[in-house]
Amino acid sequence: MENTDGIRQKRRERASLDPFDRKILAALSADAGQSYAVLGEKVGLSAPSVHERVKRLKRSGVIRDVVARLDGTAVGKPLLAFVHVEAAGWGKSERLMQISRFPEVEEMHSVAGDASMILKVRLENPQALEFLLGQIHSVPGVSGTRSYVALSTYLERPVQAQVTDGWPSVPLPPE
């Protein structure tokens with residue numbers, strides 16, 4: 001793996017999204033298998049117009065993938081955990097990045113704070129988590145981990161197209 005720490009990544013131009021684009025993206029994020037005709041009915045455009053917009057959104061990188069979201073329990077991985085990795089520097093060593101080869105590792109994030117990296121992992125049982133932690137601890141430069149096992153999940157969703165136009169000045173009301 002090539003070290004790219006010194007290379008500045010090109011920033012993608014932020015796509016300008018109009019209200020129709022956002023409605024299309026919201027509908028696709030809820031169900032990516034819908035036909036262009038159904039999408040058109042939902043957003044108030046013709047099927048060909050929706051098709052052209054979706055092609056443009058894919059070309060611009062706004063839509064990266066169209067995927068099936070799997071149920072962790074149904075595929076034999078009911079244990080969801082977040083692992084905070086403490087490592088020297090930012091922790092982005094080539095060896096630590098190789099942890100991504102395990103299909104149990106769903107996400108890897110370099111973060112600010114008391115950890116260098118946060119991993120989202122989904123496993124079959126606590127023993128599998130123990131084995132994965134052993135792999136992480138065997139990486140030179142890793143000084144520790146903290147694991148948080150999710151007991152219940154109340155919200156799990158992909159990136160949303162909608163944005164909050166104006167944050168309320170008053171917090172959510174107490175119950």
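What relative accessibility does Leu39 have, and does that make Leu39 buried or exposed? Leu39 has 0% relative accessibility and counts as buried. Buried means under 20% relative accessible area, exposed means over 50%, and partly exposed lies in between, with a 1.4 Å probe and protein chains only.

## Basis of the model

This is a predicted model: local features need pLDDT of at least 70, side-chain atom pairs count only at pLDDT 80 or more, and totals for chains, interfaces and linings use all residues. Residues are numbered from 1 along each chain as its sequence is written, and side-chain values use heavy atoms, with hydrogens and water left out.

## Overall layout

The protein chain holds 5 helices and 4 strands. Along the sequence they follow the pattern α-α-α-β-α-β-β-α-β. The radius of gyration is 20 Å, well over the 16 Å that the globule rule gives for 175 residues, so the protein chain is more spread out than a compact globule. That radius is taken over C-alpha atoms, and the globule rule is 2.2 Å times the number of residues to the power 0.38. Helices (H or I, at least four residues) and strands (E, at least two) are DSSP runs, numbered from the N terminus.

Along the principal axes, the C-alpha atoms of the protein chain fill a box of roughly 55 × 45 × 40 Å. Buried residues make up 26% of the 175 residues. The protein chain exposes about 12800 Å², and carbon and sulfur atoms supply 54% of that area. Accessible areas come from the Shrake-Rupley method with a 1.4 Å probe; for residues, only the protein chains shown count as cover. Of the contacts with a separation of 6 or more, 66% come from residues 24 or more positions apart. Contact means heavy atoms within 4.5 Å.

## Domains and annotation

The protein chain splits into domain 1 (19–60) and domain 2 (73–149). Their C-alpha centres lie 36 Å apart. The bounds come from an automatic or database domain assignment.

UniProt, in an unreviewed entry, places the feature "domain: HTH asnC-type" at residues 17–78. UniProt positions are given in the numbering used here, feature names are shortened, and annotations may be inferred rather than shown by experiment. The span 17–78 is 53% helix and 0% strand. Its end C-alpha atoms lie 37 Å apart.

## Leu39 in helix H2

Leu39 lies in helix H2 (residues 36–43). Beyond its neighbours within four places in sequence, Leu39 is in contact with Ile24, Ala27, Leu28, Gln34 and Val50. Lys23 is 16 residues from Leu39 in sequence and 9.1 Å from Leu39 in space, C-alpha to C-alpha.

## Strand E3 and its partners

Strand E3 (residues 117–123) pairs with strand E2 (residues 105–110) in the antiparallel sense over 5 bridges. Strand E1 (residues 79–87) also runs antiparallel to E3, joined by 7 bridges. Two strands pair if DSSP finds at least two bridges between them. E3 is mostly covered, with 6 of its 7 residues buried.

On E3, Met117 stands opposite Ser110, Ile118 stands opposite His84, and Lys120 stands opposite Glu107. E2 and E3 form a hairpin with 6 residues between them. Gly113 in that turn has a positive phi of about 125°.

## Lys120: a buried lysine

Lys120 is found in strand E3. Its relative accessible area is 10%, so Lys120 counts as buried. Leaving aside neighbours within four places in sequence, Lys120 is in contact with Leu80, Ala81, Phe82, Glu104, Val105, Glu106, Glu107 and Glu156.

Arg146 is found in strand E4 (residues 142–149). At 26% relative accessibility, Arg146 is partly exposed. Beyond neighbours within four places in sequence, Arg146 is in contact with Phe82, Val83, His84, Glu86 and Asp114. Glu52 is 94 residues from Arg146 in sequence and 46 Å from Arg146 in space, C-alpha to C-alpha.

Asn125 lies in the loop between E3 and helix H5 (126–137). Asn125 is partly exposed too, with a relative accessible area of 25%. The C-alpha atoms of Asn125 and Phe102 are separated by 15 Å, with the two residues 23 apart along the chain.
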